[in-house]
Amino acid sequence: MVEGNLSVVSEFVLLGLCWSWDMQVLLLLIFFTLYLLIVCGNIAIMVLIIIDTHLHSPMYFLLANLSFVDMWLSSVTTPKMITDFVTENKIISFGGCMCQILFVHLFGGGEMVLLVVMAYDRYVAICKPLHYLTIMNLQKSFGLVATSWTIGFVHAMSQMVVIMRLPFCGPREIDSFFCDIPLVIKLACIDSYNLGILMNADSGVLAMTCFIVLLISYTYILLAVRQSSKTGASRALSTCTAHITVVVLFFGPCIFIYVWPLSITWVDKFLAVFYSVITPLLNPAIYTLRNKEIKNAVKRFRNYYVHSKGNI
């Protein structure tokens, strides 16, 4: 390993999603709209959970944290992608590139563990309902969320410690709309093949461990649901279906990027867009549309707003 950071490259060039100006204008409108929906949707869920006392439970505390992580995961890359649609030279500084890598893996790694925590919450709620509030108390919930952030931070720093020491002295074009480790490593002025495998394995181990734990957890939960009462089973199944959908949407792209890379440029770009834009957009929709408590909270907020406005 080269000692110190011998980089002479001060910036990178992002090639973006496409070259056509007309297509870039169209994509600008699409992704600007989607990003507004991501920010507004996730903020709405967080605010609703904070102000509605009926949602002050461990499940919704974890959901609020998921919305927070999703919003920032998208915000790391999407605003830069949107602004690049209207600029001819899609430049990102070396520091900006490193920051993207850091925060993508911080929020991404944290979300993986947070989804495991949410599965544990559902396991306790469904399999041990009488002890739910004792096991998933406020202190335990805070501790589990803090654990997810800690693991995400350690994972991100383990990547940064390596990549910051790489020498970059030649090519500087990244064929994507943001900096990610597999693409940046290829630009290093060393034989990076083995290092690329090692770095992908770092992300892959975290992703696959969480994914396998989630598969086992939800399989066990669904088996337990079959033995529950019809009413309880229907409600639990609805909640678990939403969680499983989110898990598949989130881990699918991650697995094909880091665990089983296809090395097809347009596929990699599609997976990156899905990971950073589509999943954070769909999560609020999935939880809102399939969750009666959230729907009821929206109705209560609407009625309160209409009632308050009528009294003015």
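This is a predicted model: local features need pLDDT of at least 70, side-chain atom pairs count only at pLDDT 80 or more; totals for chains, interfaces and linings use all residues.
Biologist: Which residues is Ser 67 in contact with, leaving aside its neighbours within four places in sequence?

Modeller: With those neighbours left aside, Ser 67 is in contact with Asn 42, Ile 45 and Met 46, and Asn 42, Ile 45 and Met 46 are themselves buried residues of H1.

Biologist: How do you know that the span of helix H1 agrees with its number of residues?

Modeller: Helix H1 covers residues 21-51, which is 31 residues, and at 1.5 Å a residue these should span 45 Å; the end C-alpha atoms are 44 Å apart, so the two values agree. At the start of H1, a side-chain oxygen of Ser 20 reaches to within 3.3 Å of the backbone nitrogen of Met 23. Further along H1, the buried residues include Leu 27, Phe 31, Leu 34 and Ile 38. In general, residues three or four places apart on an α-helix point the same way, because there are 3.6 residues a turn.

Biologist: What makes strand E1 and strand E2 a pair?

Modeller: Three bridges join E1, residues 11-14, to E2, and because at least two bridges are needed for pairing, E1 and E2 qualify, running antiparallel. The bridge partner of Phe 12 is Ile 92 in E2. The open sheet has the order E2-E1-E3, with mixed pairing, and its edge strands are E2 (91-93) and E3 (173-174), each of which pairs on one side only. Helix H3, residues 94-127, lies across E1, E2 and E3, at about 80 degrees to E2.

Biologist: Which residues have the most contacts inside the largest nonpolar core?

Modeller: That core has 70 residues, and those with the most contacts inside it are Phe 31, Leu 63, Met 112, Leu 115, Phe 250 and Phe 251. Helices that each supply at least two residues of this core include H1, H2, H3 and H8. Leaving aside neighbours within four places in sequence, Leu 115 is in contact with residues including Leu 66, Phe 250 and Phe 251. Another core, of 21 residues, lies apart from the largest one, and Val 184 and Ile 185 are among its members.

Notes: Residues are numbered from 1 along each chain as its sequence is written. Side-chain values use heavy atoms; hydrogens and water are left out. Helices (H or I, at least four residues) and strands (E, at least two) are DSSP runs, numbered from the N terminus. The expected span of a helix is 1.5 Å times one less than its number of residues. Buried means under 20% relative accessible area, exposed over 50%, partly exposed in between (1.4 Å probe, protein chains only). A polar contact is a pair of N or O atoms within 3.5 Å; within protein, one must be able to donate a hydrogen and the other to accept it, and residues adjacent in sequence count only if both atoms are side-chain atoms. Contact means heavy atoms within 4.5 Å. Axes are lines fitted to C-alpha atoms, for helices over the stretch in contact, and angles run from 0 to 180 degrees between N-to-C directions. A nonpolar core is a set of buried Ala, Val, Leu, Ile, Met, Phe, Trp, Tyr and Cys residues joined through side-chain atoms within 4.5 Å.
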